[in-house]
Each structure stands twice: as C-alpha cells, then as structure tokens.
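Dear colleague,

I am handing over the structure we spoke about, and below it you will find my notes on what turned up. Please read them with the coordinates open beside you.

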Amino acid sequence: MEILSENKSHGGRQLVVKHASAATGTDMIFSIFLPPQAEQGGKLPVIWYLSGLTCTHANVTEKGEYRAGCAELGLIFVAPDTSPRGDDVPDAEGYDFGQGAGFYVDATEEPWAKNYRMWSYVTEELPALVAARFPADMDRQGITGHSMGGHGALTIALNFPERFRSVSAFAPIVAPSQVPWGQKALGGYLGEDRSTWRRHDAVALIEDGASVDEILVDVGDSDTFIEKELRPELLERACREAGIPLTLRIQPGYDHSYYFISTFMADHLHWHAERLLEG
C-alpha cells in the first residue's frame, strides 16, 4: 500500500492511497478521510461512497464537501475508483461502458471478466484492506453513492443488509434493467441472461424479497437524467409495495452535478451518523 498524498483538513487527514488489487489484477486508488477522532484511539464508523460514470476517487474527494461533517461526527469516509484502469485493461468508446464505468459488478463476459471485478473489490477486498490498516469499525458501516454509484450503494446494501446499518443515495440508477445505461452495462458485463442482472438491480432485488431497514434518496428535479435513466418513481413503488421506509426527496432546481451532491452531503452524513452512532 502506497500513500500518494496526505493533507490535513478539518483537523483530520485526507489520504489518497494506491495498492495492488487481486480482484481487478491492477493497481487501484482510493481516498480515505480520517477525522480528528482517529487520533484518540478506538475505532470509528465508516461511510463508503461510490462514484458515478466517468468519475474516479477524485471527484468526491475534491468537490463532495464531506470533511467538515465527518470531522464533526467522527466518521471515516472512503471513496474507491469506479473501475480498473491501465493500458492493458479493456476499454470501450463512450463514457458509459469500460474504464470509468465498472457498474459495481463482477463481469462474466469477455474481454471484461479478467479485470472488471468491482463487486468483489468493493464488497470484499477493499473493506478487508481498510479494516486491517485503518481504525475502521466494521460493525458500524454505512454506504452511499451517486448515480451509477447510487445504484452500487443500493444493490450492495440490499445484498448485505446485515453489514450496513444505513444506506442512502444521490440520484441513483434504481432499476438498471429498465434503462439504457443499465441495459448496456449489465448486458455487456454479465451477458444477455437477464436473470443474472437481478442481483444488481435495486428494484428487482426488492421485488425478489431483499430488504433494508430504510433508505434516503435525493434527486434534483432539474436532473436531465431523471426520466430516462434514474426513474426514482420505480424505487418509490417497489419500496411502498415491500413496506420498506423510503425518504425520497425531489429537490427543486438541482441537477446531476456535484453542486447538488455537496449541497445535501451534510444531510446524508447526519442521517447516517444517527444510525451508526446509536446504541
């Protein structure tokens, strides 16, 4: 593990870390913020943040405005990359498939299967590394994300409800099986058997009986992707029919950008903290 950069912020330490990944067969980079409470001993709750299409760890690290809230609340904040990268890693034209667009699945189709194992990376390898090297309390984990990363956060929480005390999302792709972004990604990485897609579709998972205690979602009503790609009404209906408490906030005037995310980041951190710090 190599620390690429370290900066003091809000009394804590913002690190950018590189390590060799067995899951992806490449070097991977993630950022981790350790609040000032990390210097006092003991372990702290962890928030996982999964980024959207085209992003790296850097987008939220530089524009997410989470450090003040994490320092106030005593939360570790971890942001992985969105895909494997490198000259030897397969890629595709367009922003919505290939490098920068791993969709948080383990690909089974060639040529993607060797490297595009972001599900294993995010759910197994990176948590083990963080737990071993940082003061992270793995009994108090929350997960959130944006767009493609909101899809990842919801599907991971629904697959591992015993692991995560809280889950939220910013403008998530809630039903990838039913929208162009998701159909392209899931078909390309997992093949044409749509039954294999359901594990990676939040609405389908809920329809199939998966559940979490509650969900917080924010979406801007000026988001240009809301009607075609995000479809929050599908999550609202699925949660209502399954009896899962969903707080869906349609924010007037906000779009899909980090101006939107940073505006409501503190709300999400406090929401997670209420669930991670109780008991």
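Before the strand partners are named, one convention is needed: two strands are taken to pair if DSSP finds at least two bridges between them. Please also keep in mind that this is a predicted model.

With that convention, strand β6, residues 136-145, and strand β7, residues 164-170, run parallel and are joined by three bridges; within this pairing, Gln141 has Phe164 of β7 as its bridge partner. Both strands belong to an open sheet of nine strands with mixed pairing, in which the order is β1-β2-β3-β5-β4-β6-β7-β8-β9. The edges of the sheet are formed by β1 (2-9) and β9 (246-251), each of which pairs on one side only, and from one strand to the next the twist averages 20 degrees.

Helix α3, residues 118-133, lies across β2 (12-20), β3 (27-34), β4 (44-50), β5 (76-80) and β6, and runs at about 50 degrees to β3. Helix α9, residues 258-276, also packs on the sheet, where it touches β4, β5, β6, β7, β8 (215-220) and β9, and its direction makes about 165 degrees with that of β7.

Turning to the aromatic residues, the structure holds 15 aromatic pairs. In one of them, the ring centres of Tyr66 and Phe77 are 3.8 Å apart and the planes are at 10 degrees, so this pair counts as stacked, the cut-off being planes under 30 degrees apart. Because Tyr66 lies in the loop between α1 (57-63) and α2 (67-73) while Phe77 lies in strand β5, the pair ties together parts that are 11 residues apart in sequence. Both Tyr66 and Phe77 are buried.

A further pair is made by Phe97 and Tyr189, with ring centres 4.3 Å apart and planes at 20 degrees, so that it is stacked as well. Here Phe97 lies in the loop between β5 and α3 and Tyr189 in helix α5 (residues 180-190), and the pair therefore ties together parts that are 92 residues apart in sequence; Phe97 and Tyr189 are both buried.

Tyr66 and Phe77 also take part in a cluster, in which ring pairs link them with Phe33 and Tyr49. Charged side chains meet rings too: Arg67 lies over the face of Tyr66, at 4.8 Å from the ring centre, and the charged end of Arg275 sits over the ring of Trp271, 3.9 Å from its centre.

Finally, the cysteines: a search of the whole structure finds zero disulfides. For Cys55, which is in no disulfide, the nearest cysteine sulfur is that of Cys70, 18 Å away, whereas a disulfide would need the sulfur atoms to be within 2.5 Å. With a relative accessible area of 7%, Cys55 is buried, and Cys70 likewise counts as buried, at 0% relative accessibility.

Methods
Residues are numbered from 1 along each chain as its sequence is written. This is a predicted model: local features need pLDDT of at least 70, side-chain atom pairs count only at pLDDT 80 or more; totals for chains, interfaces and linings use all residues. Side-chain values use heavy atoms; hydrogens and water are left out. Helices (H or I, at least four residues) and strands (E, at least two) are DSSP runs, numbered from the N terminus. Axes are lines fitted to C-alpha atoms, for helices over the stretch in contact, and angles run from 0 to 180 degrees between N-to-C directions. Contact means heavy atoms within 4.5 Å. Rings of Phe, Tyr and Trp (its six-membered ring) pair if their centres lie within 6.5 Å; planes under 30 degrees apart count as stacked, over 60 as edge-to-face and the rest as tilted. Buried means under 20% relative accessible area, exposed over 50%, partly exposed in between (1.4 Å probe, protein chains only). A charge sits over a ring if NZ of Lys or CZ of Arg is within 6 Å of the ring centre and within 35 degrees of the ring normal.
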